[in-house]
Every structure is written in C-alpha cells, then in structure tokens.
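Good morning, and thank you for coming. Please take a moment to look at the sequence and the structure, and then I shall walk you through a few of the details.

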Amino acid sequence: MANFNTHLNGAFAVSGMLGLTVYKAGLLNDSGFLICVALGTIGGLLPDLDSDNSTPIKLGFNIASFIFAFGLVMHWRSELSLLALIALWLAGYGFMRYVVFQIFTSMTVHRGVIHSVPYMAILGLGLTYLSYYAVHNPLTASWFYGLFLFGGAMVHLLLDEMYSVNLSGMTMKRSSGTAMKFYQHKDRWWYLILYALLALLVFAAPPFAPFWEQLRDPAPWAKLKVGMLPTFIKNVLS
C-alpha cells in the first residue's frame with residue numbers, strides 16, 4: 001500500500017486543484033477554499049485510523065490526549081490545588097494516550113470496516129450535517145466541506161489500490177481489493193450498521209437540491225473558462 005507521504009501529498013494535490021477550481025469559479029470564499037483543501041488533505045489520512053502504528057492515528061491520539069487533559073484542568077482549575085491539577089493533567093493525558101488508544105487499537109483491524117467507502121461516506125456526510133446544522137455554515141460551504149473530506153479519503157483508497165498492482169509483471173498483489181471496499185462478508189454485521197447509519201444521514205442531510213442547482217448554474221463555470229489561461233497564452237493561441 002502507499003505510505004504516509006504518498007497519501008499526504010496525493011490528497012493535498014488533488015484537493016488543492018479541485019479547491020482552486022471551485023474557488024476561481026466563485027463558489028467558495030477565501031476561508032472556504034483553505035478549509036476545503038485542509039479537509040481534503042485530512043481525508044487522505046483518515047482511512048489509516050485503523051492501523052495501530054500509522055502516523056495519523058498516533059498524531060491524532062496525541063492531539064486528542066492533550067485536548068482532553070487540558071479540558072480536565074480547565075474544568076477543575078477552581079476546585080483543585082496546583083499539584084492536584086498537575087496530577088490530573090498527567091492522568092488525563094495518560095488515560096487517553098495509553099488506555100483509550102489501546103482499547104481502540106485492540107478493537108480495530110487494519111483495512112477493516114474503517115478502511116472502506118461507506119465508513120468514509122459517513123464521515124463526509126456527518127461533517128456536512130454538523131457544519132450546516134450545528135455550526136450554521138452556509139449550505140454550499142457545508143456540502144463542499146463534506147465532499148472534500150470524502151474525496152480526500154477516496155484518493156487514499158485509490159492510491160492503496162494502485163499500489164496493489166505489480167507494474168513490472170502486471171500482476172495483482174495480495175493486498176488488491178482490500179482498500180476500496182464496499183462490503184466484506186466476514187464483517188457483514190458491521191457493514192449492516194454502517195449502511196443503516198449512512199441511510200439515516202442521507203435522510204437527515206442538509207438540502208442537496210439547492211447545492212446541485214448552484215453547481216449546474218453555467219455562470220460560475222463561464223467565469224472560470226474566461227480566466228483559465230494567462231493572457232499571453234491567449235494571445236498566442238488567438
């Protein structure tokens with residue numbers, strides 16, 4: 001499968017090009033463009049959350065452990081002494097980093113249900129839902145956020161499948177077909193839960209029709225077509 005740098009660079013490149021396209025078309029503002037590229041890059045790392053030794057899961061749990069520890073300290077700062085707060089901070093960090101991390105890694109198998117298309121679709125739709133209904137971001141931006149996160153994850157899965165092909169002999173490696181998964185019979189009950197949750201999110205998702213109509217509007221794409229090539233190239237071609 002592809003390594004961490006390949007996933008990171010691949011997701012960033014694809015997200016950057018797509019983000020620039022919709023940004024130049026006027027469908028995203030400055031902050032929306034940056035957020036979409038960041039989410040697409042993060043999405044390119046998400047499928048490896050089920051790998052016990054992957055860089056994303058270690059980095060993610062380190063950050064989550066720090067946030068959890070500081071949250072405990074901030075909550076109890078008025079009731080506890082300095083030494084007690086230090087002990088609480090260390091205990092909170094250790095609990096998240098070692099206990100919760102160990103439970104999570106023992107419950108997940110690399111390239112299991114997390115490393116699948118429906119799981120990533122749930123994360124993308126879930127982000128759209130939270131962005132629109134909880135954070136109250138605009139509808140267009142919310143859908144782009146979810147789509148970029150999902151798109152980055154698809155870049156990850158696609159790269160893993162590409163790396164499962166032995167190009168020298170044009171043969172398939174043993175890992176072929178374990179990345180871009182929609183279903184595995186041995187995990188059928190987990191997939192049943194995934195698809196049920198995905199159906200619930202689709203039903204409760206923000207309105208898609210207005211977003212789709214905006215994408216179908218020819219005006220932004222006409223604007224993009226006009227500004228696609230530098231002036232000197234247009235002069236050469238004309």
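I begin with threonine 140, which counts as buried because its relative accessibility is 15%, under the 20% cut-off. Please keep in mind throughout that this is a predicted model. Threonine 140 is found in helix α6. Which residues does threonine 140 touch, if those up to four places away in sequence are not counted? They are Leu27, Phe211 and Gln214.

Let us step back to the whole protein. The protein has 10 helices and two strands. Along the sequence, the pattern reads α-α-α-α-α-α-β-β-α-α-α-α. Of its 238 residues, 38% count as buried. If we take the contacts between residues at least 6 apart in sequence, 72% of them join residues at least 24 apart.

I now return to helix α6. Two packed helices are described by the angle between their axes and the distance between the axes. Helix α6, residues 139-162, packs with helix α8, residues 209-216, at an angle of about 90°, and the axes are 9 Å apart. Helix α6 is therefore roughly perpendicular to helix α8, since an angle from 65 to 115 degrees counts as such. On the α6 side, the contact is made by Leu139, Thr140, Trp143, Phe144 and Leu147. On the α8 side, Pro210, Phe211, Gln214 and Leu215 take part. These residues divide into seven nonpolar, two polar and no charged.

Trp143, Phe144, Phe148, Phe208, Phe211 and Trp212 form one aromatic cluster.

In the protein as a whole, the count comes to 12 aromatic pairs. Let me present two of them. In the pair of tyrosine 23 and phenylalanine 33, the ring centres are 4.9 Å apart and the planes are at 15°, so the pair is stacked. Tyrosine 23 lies in helix α1, residues 4-24, while phenylalanine 33 lies in helix α2, residues 30-43, and the two are 10 residues apart. Are these two residues buried or exposed? Tyrosine 23 counts as partly exposed at 31% relative accessibility, whereas phenylalanine 33 counts as buried at 15%.

The second pair is formed by tyrosine 129 and tyrosine 133, and it is tilted, with 4.8 Å from centre to centre and 55° between the planes. Because tyrosine 129 and tyrosine 133 are four residues apart in helix α5, residues 117-134, about one helical turn separates them. Tyrosine 129 is partly exposed at 32% relative accessibility, and tyrosine 133 is partly exposed at 38%.

Finally, I come to charge. Side chains of opposite charge can pair when their charged atoms come close. How many salt bridges does a search of the whole structure find? It finds one. The side chains of arginine 216 and glutamate 213 meet in this salt bridge, with 3.6 Å from N to O. Both residues lie in helix α8, three residues apart, which is about one turn of the helix. Arginine 216 is exposed, because its relative accessible area of 52% is over the 50% cut-off. Glutamate 213, at 46% relative accessibility, counts as partly exposed.

Thank you for your attention.

Definitions and conventions: Residues numbered from 1 in each chain as written. Predicted model: local features only at pLDDT ≥ 70, side-chain atom pairs only at ≥ 80, totals over all residues. Heavy atoms only, no water. Axes fitted to C-alpha atoms, helices over the stretch in contact; angles between N-to-C directions. Parallel < 35°, antiparallel > 145°, perpendicular 65-115°, else oblique. Contact = heavy atoms within 4.5 Å. Nonpolar A, V, L, I, M, F, W, Y, C, P; charged D, E, K, R; others polar. Salt bridge = Lys/Arg side-chain N within 4 Å of Asp/Glu carboxyl O. Buried < 20%, exposed > 50% of the residue type's maximum accessible area, 1.4 Å probe, protein only. Phe/Tyr/Trp six-rings, centres within 6.5 Å; stacked < 30°, edge-to-face > 60°.
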